[in-house]
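Trainee: I would like to learn how to read a protein model. Could we go through it one feature at a time?

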Amino acid sequence: MTPARGHLVWDWNGTLLDDLDLVVRATNVAFASVGGPSVTVDEHRVRFRRPIADYYADMLGRAVDAEAFGALDRIFHDAYRAGLTSCALAEDATAAIAAWPGTQSLLSMWFHDELVPTVHTYGLTPHFARVDGLRAAVGGGFKAGWLAKHLAELGLDGPDVVLIGDSIDDADAAMSVGAHCVLYTGGLSDPAALRASGHPVADTLTEAVTLATTLR
């Protein structure tokens, strides 16, 4: 049954979790392993896209097949895990979660078995009706199919849902199921690209929630 006050799906990386610097550092470790260039935070935000293999190919100047991407993805995630304890939640994450009047859940493209205990460590698990991460050995793909599965498990229809995320892929996923989306400029994507997308855009998570309440 659809909650009368609406349902909000949160993205994790770059949205609730302020991990942009760590993502860029881990990306540079992966690139360095194959003699690639070092990417800056601003450059990463402008050029990053999914599938991530295409982004890697663009930055490395050569094709990245499934085997090569799998190796780079493992190196990236090893470096990411090593630095994860240095990451904090976005400054207003807990206030934004508390401000939403309906039900909430979390959907991430990070590995499910690592996501669930991490979310618990930050004390957020009780706020969410469901927490889902990537159930696959290698990531890097689009979010749309995973969002459809997430909503099906919750018994929700897309038009009754708002997603808050930090990427065009989040917006595309929301559109694929008929959901609304608010994009957050404080994450992994170039703010100018988000504003050019035509979707509602917020500079803080509390502002994102305020916008989301108008879309239900």
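Trainee: Which residues does Ala-96 touch, not counting residues up to four places away in sequence?

Mentor: This is a predicted model. A contact means heavy atoms within 4.5 Å. By that test, Ala-96 touches Trp-10, Leu-205, Thr-206 and Val-209. Ala-96 itself sits in helix H5, residues 93-99.

Trainee: Is Ala-96 buried or exposed?

Mentor: Look at the relative accessible area. Under 20% counts as buried, over 50% as exposed, and anything in between as partly exposed. Ala-96 has 0%, so Ala-96 is buried.

Trainee: Which residue shows the exposed class?

Mentor: Take Asp-113, in helix H6, residues 112-121. Its relative accessible area is 67%, so Asp-113 is exposed.

Trainee: And which residue is partly exposed?

Mentor: At 31% relative accessible area, Ala-71 is partly exposed. Now stay in helix H4 and find His-77. His-77 has 10% relative accessibility, so it counts as buried. Leaving aside neighbours within four places in sequence, His-77 is in contact with Trp-110 and Phe-111.

Trainee: How do I compare distance in sequence with distance in space?

Mentor: Read both numbers for a pair. Ala-71 and Ser-33 are 38 residues apart in sequence and 9.8 Å apart in space, C-alpha to C-alpha. For Asp-113 and Ala-96, the figures are 17 residues and 25 Å, C-alpha to C-alpha. Ala-96 and Gly-36 are 60 residues apart along the chain, and 38 Å separates their C-alpha atoms.

Trainee: What share of the contacts in the protein joins residues 24 or more positions apart?

Mentor: Count the contacts with a separation of 6 or more. Residues 24 or more positions apart account for 66% of them.

Trainee: How do I check the length of a helix, say H1?

Mentor: Helix H1 covers residues 20-32, which is 13 residues. At 1.5 Å a residue, H1 should span 18 Å. Its end C-alpha atoms are 18 Å apart, so the two agree.

Trainee: Which residues of H1 are buried?

Mentor: Among them are Leu-20, Leu-22, Val-23, Val-24 and Phe-31. Ala-26, Thr-27, Asn-28 and Ala-30 are buried too.

Trainee: What covers the buried residues of H1?

Mentor: The cover includes strand E2 (17-18), helix H2 (41-47), helix H3 (52-60) and H4.

Trainee: Which residues does the cis peptide bond join?

Mentor: Read the omega angle of the bond. Arg-50 and Pro-51 are joined by a cis peptide bond, with omega about -5 degrees. Pro-51 lies in the loop between H2 and H3.

Trainee: Let's step back. How many helices and strands are there in the protein?

Mentor: The protein has 10 helices and eight strands. Its radius of gyration is 17 Å, close to the 17 Å that the globule rule gives for 216 residues, so the protein is as compact as a globular protein of that length. The C-alpha atoms fill a box of roughly 55 × 35 × 30 Å, along the principal axes.

Trainee: What percentage of the residues is buried?

Mentor: Buried residues make up 49% of the 216. The protein exposes about 9,500 Å², and carbon and sulfur atoms supply 55% of that area.

Trainee: How many positive and negative side chains does the protein have?

Mentor: There are 15 positive and 27 negative side chains. The centres of the two sets lie 2 Å apart.

Definitions and conventions:
Residues are numbered from 1 along each chain as its sequence is written. This is a predicted model: local features need pLDDT of at least 70, side-chain atom pairs count only at pLDDT 80 or more; totals for chains, interfaces and linings use all residues. Side-chain values use heavy atoms; hydrogens and water are left out. Helices (H or I, at least four residues) and strands (E, at least two) are DSSP runs, numbered from the N terminus. The radius of gyration is taken over C-alpha atoms; the globule rule is 2.2 Å times the number of residues to the power 0.38. Buried means under 20% relative accessible area, exposed over 50%, partly exposed in between (1.4 Å probe, protein chains only). Accessible areas come from the Shrake-Rupley method with a 1.4 Å probe; for residues, only the protein chains shown count as cover. Lys and Arg count as positive and Asp and Glu as negative; His and the chain ends are not counted. The place of a charge is taken as NZ of Lys, CZ of Arg, CG of Asp or CD of Glu. The expected span of a helix is 1.5 Å times one less than its number of residues.
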